[in-house]
Amino acid sequence: RKEVEQDPGPFNVPEGATVAFNCTYSNSASQSFFWYRQDCRKEPKLLMSVYSSGNEDGRFTAQLNRASQYISLLIRDSKLSDSATYLCVVNYKAAGNKLTFGGGTRVLVKP
Amino acid sequence: GAGVSQTPSNKVTEKGKYVELRCDPISGHTALYWYRQSLGQGPEFLIYFQGTGAADDSGLPNDRFFAVRPEGSVSTLKIQRTERGDSAVYLCASSLGAGSSPLHFGNGTRLTVT
């Protein structure tokens with residue numbers, strides 16, 4: 001089993017709709033969680049950190065479920081510019097702060 | 001301020017040759033990470049430095065790969081006897097501290113081994 005797993009998609013989303021997807025992690029000792037966005041042939045860029053109580057940044061909401069060992073990202077009122085690959089990142093402090101990426105979830109927002 | 005800088009942006013080399021990839025992190029960032037990304041995959045961890053020392057090199061695929069950061073700033077990833085399977089985008093990232101701080105990535109070096 002991979003340490004960090006994501007549904008690769010693509011998630012085809014009508015413009016204005018809501019889309020949500022998860023990322024599961026295998027190590028219960030994980031401490032820090034992030035969502036990154038990566039556009040085609042570009043470097044990953046931080047979208048948001050994920051806090052234990054959940055957090056929101058505009059149209060984006062991130063949640064952490066420690067019991068079931070997953071994080072989620074929800075995008076409301078999808079824009080065409082939200083089309084990208086969304087990467088989750090998990091820090092295993094026990095592994096010496098190695099930040100591990102999932103394979104990414106591709107989202108395509110269509111008019 | 002300046003972001004993470006990686007050079008070269010593209011490198012084409014013949015199988016068996018030696019290559020060096022350079023990363024200049026954001027000033028003041030003590031942690032520096034190297035990742036490798038193949039098409040359609042997420043970034044794969046290679047090594048990270050805390051200061052000058054390699055804190056975790058468990059992701060280096062074999063002894064042909066080596067990285068240094070002699071003064072705690074610029075880092076060089078070195079690949080000996082390159083193979084076609086080494087072709088990928090090599091990403092460097094830096095952060096204020098290892099683990100809990102977000103990563104800031106460079107644009108990457110696209111390595112093609114022919």
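Buried means under 20% relative accessible area, exposed over 50% and partly exposed in between, with a 1.4 Å probe and protein chains only. By that rule both Asp86(B) and Arg64(B) are buried. This is a predicted model, in which local features need pLDDT of at least 70 and side-chain atom pairs count only at pLDDT 80 or more, while totals for chains, interfaces and linings use all residues. Residues are numbered from 1 along each chain as its sequence is written, chains are lettered from A and ligands numbered from 1 in the order in which they are written, and side-chain values use heavy atoms, with hydrogens and water left out. Helices (H or I, at least four residues) and strands (E, at least two) are DSSP runs, numbered from the N terminus.

**Disulfides and cysteines**

- A disulfide is a pair of cysteine sulfur atoms within 2.5 Å, and the count over all chains is 2.
- In chain A, Cys23(A) is joined to Cys88(A), with an S to S distance of 1.8 Å.
- Cys23(A) sits in strand β3 (residues 19-25) of chain A and Cys88(A) in strand β9 (residues 84-92) of chain A, 65 residues apart, and the pair links distant parts of the chain.
- The torsion about the S-S bond of Cys23(A) and Cys88(A) is about 55 degrees, so this disulfide is right-handed.
- Cys23(A) and Cys88(A) are buried.
- In chain B, a disulfide joins Cys23(B) to Cys92(B), with S to S 1.8 Å.
- Strand β3 (residues 19-24) of chain B holds Cys23(B) and strand β9 (residues 88-95) of chain B holds Cys92(B), so the link ties together parts that are 69 residues apart in sequence.
- The link of Cys23(B) and Cys92(B) is left-handed, with -65 degrees about the S-S bond.
- Cys23(B) and Cys92(B) are both buried.
- Cys40(A) is in no disulfide, and the nearest cysteine sulfur, that of Cys88(A), is 20 Å away.
- Cys40(A) counts as exposed, at 70% relative accessibility.

**A hairpin in chain B**

- Two strands pair if DSSP finds at least two bridges between them.
- Strand β5 (residues 44-50) of chain B runs antiparallel to strand β6 (residues 53-56) of chain B, and 3 bridges join them.
- Opposite Gln50(B) stands Gly53(B) in β6(B).
- The hairpin of β5(B) and β6(B) has 2 residues between the strands, and Gly51(B) takes a positive phi near 70 degrees there.

**Aromatic pairs**

- Rings of Phe, Tyr and Trp (its six-membered ring) pair if their centres lie within 6.5 Å; planes under 30 degrees apart count as stacked, over 60 as edge-to-face and the rest as tilted.
- The whole structure has 13 aromatic pairs over all chains.
- Phe21(A) and Trp35(A) form an edge-to-face pair, 5.6 Å centre to centre with 85 degrees between the planes.
- Phe21(A) is in strand β3 of chain A and Trp35(A) in strand β4 (residues 32-38) of chain A, 14 residues apart.
- Phe21(A) is buried, with a relative accessible area of 3%, and Trp35(A) is buried, with 0%.
- The ring centres of Tyr35(B) and Phe105(B) are 6.0 Å apart and the planes are at 50 degrees, so this pair is tilted.
- Tyr35(B) lies in strand β4 (residues 31-37) of chain B and Phe105(B) in strand β10 (residues 104-105) of chain B, 70 residues apart.
- Tyr35(B) and Phe105(B) are buried.
- Tyr35(B) and Phe105(B) belong to one aromatic cluster, which also includes Phe34(A), Tyr36(A), Phe101(A), Tyr33(B), Phe45(B) and Tyr48(B).

**Interface of chains A and B**

- Contact means heavy atoms within 4.5 Å; 22 residues of chain B are in contact with 19 residues of chain A.
- Buried area is the accessible area (1.4 Å probe) that two parts lose on being put together, summed over both.
- Chain B and chain A bury about 1,600 Å² between them, 53% of it on carbon and sulfur atoms.

**Salt bridges**

- A salt bridge is a side-chain nitrogen of Lys or Arg within 4 Å of a carboxyl oxygen of Asp or Glu.
- There are 8 salt bridges over all chains, and 0 across the interface of chain B and chain A.
- Glu56(A) forms a salt bridge with Arg76(A), with the closest N and O atoms 3.4 Å apart.
- Glu56(A) is exposed at 56% relative accessibility, whereas Arg76(A) is partly exposed at 30%.
- Asp86(B) forms a salt bridge with Arg64(B), with the closest N and O atoms 2.8 Å apart.
- Arg64(B), Glu83(B) and Asp86(B) are linked in a network of salt bridges.
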